Structures are given as structure tokens and as C-alpha cells.
Amino acid sequence: MNSPLLGATIVSALVACGVTDVVLAPGSRNAALALALHRADAHGDLRLHVRIDERVAAFTALGLAKGSGRVVAVVTTSGSAVGNLVPAAMEARAAGVGLMLITADRPAEAIGTGANQTGEQVGAFGPAALATVRVSSHGNEAAWGAAVQRAHVTAAGLRTRRPGPVHLNAEFSPPLVGAVPAPAFRAAEVHGSHGVTVYETSDARDTVVLVGDASWTAGVEARALAELAGLPLLAEPSSNARTGPCAIAHYRLLLDSAVGQRIRRVVCFGHPTLSRPVNALLSRQGVEVIVVADRAEWGDVSSRAAAVVDRVLMPEGDPAWLDAWRTADMHVAQRRGHGWDGHTVAAAVVASVGRGDALFLGSSQSIRDADLAPISARPARTWANRGLAGIDGTLSTATGVALATGLPTTVLLGDLTLQHDMGALVAPPLEPGCDIRVVVVHDDGGAIFSTLEQGGTAYDEAFERVFGTPQGVDLAAVATALGWQTSSVADPLALEAALAGPVSGRQMVIASLTRDGRRAAEASLHELGRDAG
């Protein structure tokens, strides 16, 4: 009966390591794990979340890990089920989020024999996994528990300051189920490794603080640095720093203006890859880039970092420098048009949430529209999948955030992003629920491509079919059929009314608009920014 004991020991070790949430995709080969997880959930040792789609399960686990700040495990059966974890693993690896990818497997001697549901699972995640740890029902409890703890410590980045996904492959031999005593694994005391080096600059002349996608802690630190030194704060929507007196709402439009061209130093937090103007700034000759990293790895998209540090101290800057940025920012705000478009929807959504709420942004056009929203005095905690910036798994990840935090959660995404994650619209009736409101910018296609090179007139003949890709899906009908409270809006006042009530249960607001004129509007905004400084 080693397989039932292996399953129970893995779950006992997860609990001992402090894992509080596990997402299960049911199957046959992982039956021992499923039963052990059910027992642990019934005893209150952890929270179990069951999803029938492995891809949805993995992104839900990603959201739970993002929302809780703890390592979360996702469990699958053997075979092709394992491959469905890859997209979320890739995002977790790039974003530095701790996941344990626990995959049940056939015994080693069955691999290559043609036995049902056998394949080479070891190495299935390639470079997306920080490590692969193997256990087998031919082993013993002490070895199994220690292996689980090694996997957990690696996923948490406790010793390396490099959190990410770790693959735990568990080989189960028949019989797969049976009664076993409850094992009691005692975890070793493993101490963390923390970076504490402080980097000091002699002046703050022509310096800006740039914050990309970042954790709440990193965002607070970045904002504090900007405000203590009196520096312009250029913060992306998922930076958790986009607030306060130094935050510049239209910063990306101002980087090509006169004031933007004066930048000589960038202190960079998080993962800033949202816009081309920011990438151009980080590549600009004569600009010193200082990267502040909260883990062992760091981002340096231009390969030009002058320093990679744990903390930064700098003296107070010239107040005239910050005033110039504020003046330019106000110039753009006063001259912007306000019609019915993606920017209007994003601004309304950002304004509708505040402290005590969670906001999750889709990685395509939605987060870029939110990047030009007015600065909020009381912003919500904000997340996005910006490690690889894919649009898949967005709603699943947001659901995980909502489940982990318990906060009323608002999600802003496009219609194609939602269609990439339709499985997440299903709310299993036996599973824990959450309060979530999804705002869909429904322009029937990929708005972001209108603003890129392929949106030019030279490609008009091919554009709609291969870039715009209208699907003609009645999203309201789909969501309603799956139990969502659904409303459709077509103007700013209707949207404001739809967002006015509390987030309760599963709500979907579909904002219908057109992509016509999007390219011209973006060009006008950039011209306005260039002239503002």
C-alpha cells in the first residue's frame, strides 16, 4: 500500500511546509493525492480548490500564489494533463511566483512500453521549472517528506531569492488507493537568505523612479523613495506604486517631450515592459540605469544597467524637476479628449476600486489603457500577468487572487482575452466562491494591433482577418448561461452606474465599443505628450 502512503505523505509535508492552498485537477493516477487532499481540507489543514481543466487549475494556482504571497501547489494526473500546466509555469517563472507543479506518474518501468497514459514527464517543463524533484512509491516516508520540503524551499526562493515553479513528479504503483494512517512529517527549520546592501547616490539630478509590474512591498518601497527624494514617479498600473504626489499619470506620453529628454538617471523597480517609450528610455544613450531587485534575478531589458542593488538611498532632488513633470502631466490631462473608448472604460474601472479592493488587469490593451488613467488617491491592490505578458489564463489567475485575498476583485480585460479563458467562467458548485466583477472591453477583436505597425493602411486588406480577428461571440449570453449576473453598457454614464454597486457574487459588465479610430486617437495622444514638456 505504498502509493496511498506516498500521497498522504506528500500532503502532510505540504501542510508542514506552510502550504495553505492546493488546486486539484482530478484523475486516476493522482487518486491517492486527491483523497489525501480531501481529508486535509475536511480537517481544516489547507484549502482545496478543484478544477476539471488543468490549464485553468494552474492559472488559478498562480493567482492564489500572487494574492497570498505564498507557494501554492497544483496537482494533476499523468499523461497530457501535465502539458496543460506549462503556460502558467512559464508565467510564474518569468514573474518569480512560487508554484509547486505536482504531477502523478506511472512507475519508471512503464515509461516507453506503450502503457496507457505514459510519457516522459521528467523535464516536461524545460527551463520554465527551477528544478525537478522526483519521488516514487518504492521509497520511504522520510525521503518523500524531505523531497517535498526541498521542492517547497526552492519554489519559495527561501535560500536563493529566486522564487518560481518547481516540478514534483510522483510515481505511483498499484494499488493506487487504500486506507493508510495519517503520516506526520516534521519540516526542517530552513532559514531564508535576504539581500540588505544599500546603494547610495551623491545626487538626484534629472532622476526618475520607474516602476513596472511589482509586488505590493516593492511598490511601496519605490513610492517611498520617490517621495522622500521628491522625484517623478513613473508607475505602471500593476506596480502598486501608482499613487501619491509624485505619480505622473501620462508619463509614457511625456518621455519624448522636452522634460522627458532631460532624464539622466532611472531607478528601476519591478518588471517595466509595458510600453515602447519605456523600453526606449532604458536603452537611451547617456541614461544611467539602476536596477533595484527584490530577488536573485533582475530585469535589464536593454542590458545597460549600471548597478543592480537591494536598496537605494539618494538625497532630495530639485523641486523644479518634479514641478516640470507635474506641469506637463496637467497639460496633457487638460487637453485630452474623453469619448467612449478603451481609455474611458479603464479610467472608470480604476476609479471604481479603492483600498480594500483588488484589481486585476488583462495584459493586452486593457492594462495600457489603465496606464493613462488618472492617479487614484486610494488605489486598489493591483495585479497582472506581466511575467510573459500573455493573455491566456487571465480570469483564472484573477479568480485565484480573489480566493487568496478574500477581497472584492475587479477584472478589466478585452473580449479576446476572455475567450482565451472561457473555462474560468465555470464556478464549480462544490468549490469555494469569491466576489468578482469582470469588465469586458468588447470591441470584437484585438484593439492593440491597430496601434502597431500592422495597423497601417498598407495592411488594410489582411488586417481584420489575421490581426483584428473578430469572433462575433455573444459574451453576455455565454456568461449568463454559466450563472453570471450580466449587464451590457454602451456609454460612460451606463458604465458608471454598473460599477457603482458593491462587488458581490459573479458579475460581468460588457462595455461594447468600436475599434474604429483607435490608431488615430493613439497618435494624437502621443503628439499631445511630445508637445507638453
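Predicted model: local features only at pLDDT ≥ 70, side-chain atom pairs only at ≥ 80, totals over all residues.
Strands are DSSP runs of E with at least two residues, helices are runs of H or I with at least four, and both are numbered from the N terminus. Two strands count as paired if DSSP finds at least two bridges between them.

Residues are numbered from 1 along each chain as its sequence is written, and side-chain values use heavy atoms, with hydrogens and water left out.

## The other open sheet

Six strands also make an open sheet in the order S2-S1-S3-S4-S6-S5, with parallel pairing. Strand S2 (47-50) and strand S5 (131-136) are at the edges with a single partner strand each, so one side of each has no neighbour in the sheet. The twist averages 20° from one strand to the next. Strand S3 (residues 72-76) and strand S4 (residues 99-105) pair in parallel over five bridges, with Val72 opposite Leu99 in S4.

Helix H1 (residues 2-16) packs on this sheet, touching strand S1 (21-24), S3, S4, S5 and strand S6 (165-171), and its direction makes about 155° with that of S6. Contact here means heavy atoms within 4.5 Å. Angles run from 0 to 180 degrees between N-to-C directions, using lines fitted to C-alpha atoms (for helices, over the stretch in contact). Helix H5 (residues 141-156) lies across S4, S5 and S6, at about 165° to S5.

## Overall dimensions

The chain has 18 helices and 19 strands. Its C-alpha trace spans about 75 × 55 × 45 Å along the principal axes. The radius of gyration is 24 Å, which agrees with the value near 24 Å for a compact globule of 533 residues; the radius is taken over C-alpha atoms, and the globule rule is 2.2 Å times the number of residues to the power 0.38.

## Second largest pocket

The second largest pocket has a volume of about 460 Å³. A pocket is an open set of points on a 1 Å grid over the protein atoms alone, with protein on both sides within 12 Å along at least five of seven lines; a cavity is a set where a 1.4 Å probe fits but cannot get out, and lining residues have an atom within 4 Å of a point. Grid points are joined across faces, edges and corners, and a volume is the space filled by probe spheres set on them.

Of the 17 lining residues, Arg276, Thr451, Leu452, Glu522 and His526 lie nearest the pocket's centre. Helix H9 (276-283), helix H12 (365-370) and helix H18 (518-532) are the elements giving two or more residues to this lining, and H18 gives the most, with four.

## Cavities

There are two cavities of 30 Å³ or more. The largest holds about 60 Å³ of space, and its lining includes Cys268, His271 and Asp300.
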